[in-house]
Amino acid sequence: MDCHKLAVIGEVGAGKTQLISTLSEIKPFETEAESSIDIGKQYTTVGIDYGRIMLDEKTALGLYGVPGQDRYQFLWEFVKESLWGLVVLVKYGDIPDIDNFDKLLTFFSPKQNKTACLVAITHCDDAQESEVSALTQEVQSILSIHGVMAPVINVDARDKHSATTILHTLNAINRFN
Amino acid sequence: MTLRTIVYVSSAIENVRGFRVPLGLSKICQVARKNNAETGITGILTFSKGHFLQIIEGDNDAIGHLFDAICKDKRHCDVVKILDTTTDTRSFTGWSMRLISAVGREPSFRKLMSAVQPHLNDLSEEKRRLFSIFYDGIGGAADDNDFEGKSLKLLAWPDFTQIKQSPTLIELCARLTSGTESYADILKSGDFGTKAQIDLFLRQFQQMDILVVSDEVIPEVSQGGFRGSQTFYNKMKNFLTLG
């Protein structure tokens, strides 16, 4: 089996579990637990969510949803090798945790490892275009510190058409990478 | 009515290992828009190379109060007033605070700069240096819209709030961000739409100030420019096409 790996990383509530669920062809293996503090939702990912897309009988893309907080670096370690793509989810409305974002980019080093990478902004439904544009500029500034030239796209993790934009984009980047 | 206009440059605070990231930019714009709408202030904000440039225009007192508050704001530092002048008409009507990425290409900004050119000529060397981060004083060279015989490269991915995401556009961006490519190869590949569609994309990239057009000679690319796994690419593309 030729199995490629896509890592989806994001902070609490960014939409990792939802995105894996939307893209996966199998019922995802989810590792959510009830939160002990108020994070705006009842459950949050504490391990790796796993889903899969079969491209043919011998080729698959494994989807790995991993918490974005650096205390979960041991999980990052598990998915970092030989990635086909790295997706960082950023929730619109939250100011990105730049220190954590910085650690994440340092850890995965997409430029050095030539990993196709993109940032997907989620929860943009009611956002003003100019504010999404401002968040895009914030994110691009952080990426530029790491010398990473990556697209920042808007994604509705619940919508299959929107979610597959991520696959389109990473596939295009890998084509020329 | 006489309006007061202030142009200033400031530095974002060092927040990531000595780098200056415009943290909270979307919140700044959101709050500025709400407050400015209440006080009749209009203007623009832009960020480049660790610095902010903001222009605010409105009633004399309202601008004075706002600028005092801006100077005390802890989210930036080293506020340097570039211009403080009066005008008869607004340059940014309807924009309670618009974030702009390529300010030098913004017609209303360029119009204002033409109007205040005598003041710009009198700027100190330090102010001129700061201001040149955003505007070269010339207004940018005219774009060459004829790409025949040229080579192309993207300096960054476009802001997808300014241009509609589509698979074709994304393929083109992926190719042009990966290195310099000849216009002829882009057309010949057939992967990026018709000549008219490609030219439209390229002109939009020029408006965003992210396209480099040069006379560099690029060797002809074979196999559709593939550098990654063609087999996996084709399987994934087929999967996405079939939906």
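Chain B and chain A bury about 4300 Å² between them, 64% of it on carbon and sulfur atoms. Buried area is the accessible area (1.4 Å probe) that two parts lose on being put together, summed over both. This is a predicted model: local features need pLDDT of at least 70, side-chain atom pairs count only at pLDDT 80 or more, and totals for chains, interfaces and linings use all residues. Residues are numbered from 1 along each chain as its sequence is written, chains are lettered from A and ligands numbered from 1 in the order in which they are written, and side-chain values use heavy atoms, with hydrogens and water left out.

**Where the chains meet**

- Chain B gives 48 residues to the contact and chain A gives 51; contact means heavy atoms within 4.5 Å.
- Between the two chains, 16 residue pairs are in polar contact, both at pLDDT 80 or more.
- A polar contact is a pair of N or O atoms within 3.5 Å; within protein, one must be able to donate a hydrogen and the other to accept it, and residues adjacent in sequence count only if both atoms are side-chain atoms.
- On the side of chain B that touches chain A, the elements giving two or more residues are strand S2 (14-16), helix H1 (25-39), helix H6 (167-178) and helix H9 (230-242).
- Helices (H or I, at least four residues) and strands (E, at least two) are DSSP runs, numbered from the N terminus.

**Salt bridges**

- Side chains of opposite charge can pair when their charged atoms come close.
- A salt bridge is a side-chain nitrogen of Lys or Arg within 4 Å of a carboxyl oxygen of Asp or Glu.
- The structure holds 19 salt bridges over all chains, and the count between chain B and chain A is five.
- Arg17(B) and Asp102(A) form a salt bridge through their side chains (2.7 Å, N to O).
- Another salt bridge links the side chains of Asp56(A) and Lys235(B) (3.0 Å, N to O).
- Asp56(A) lies in strand S4 (residues 49-56) of chain A and Lys235(B) in helix H9 of chain B, so the pair joins two chains.
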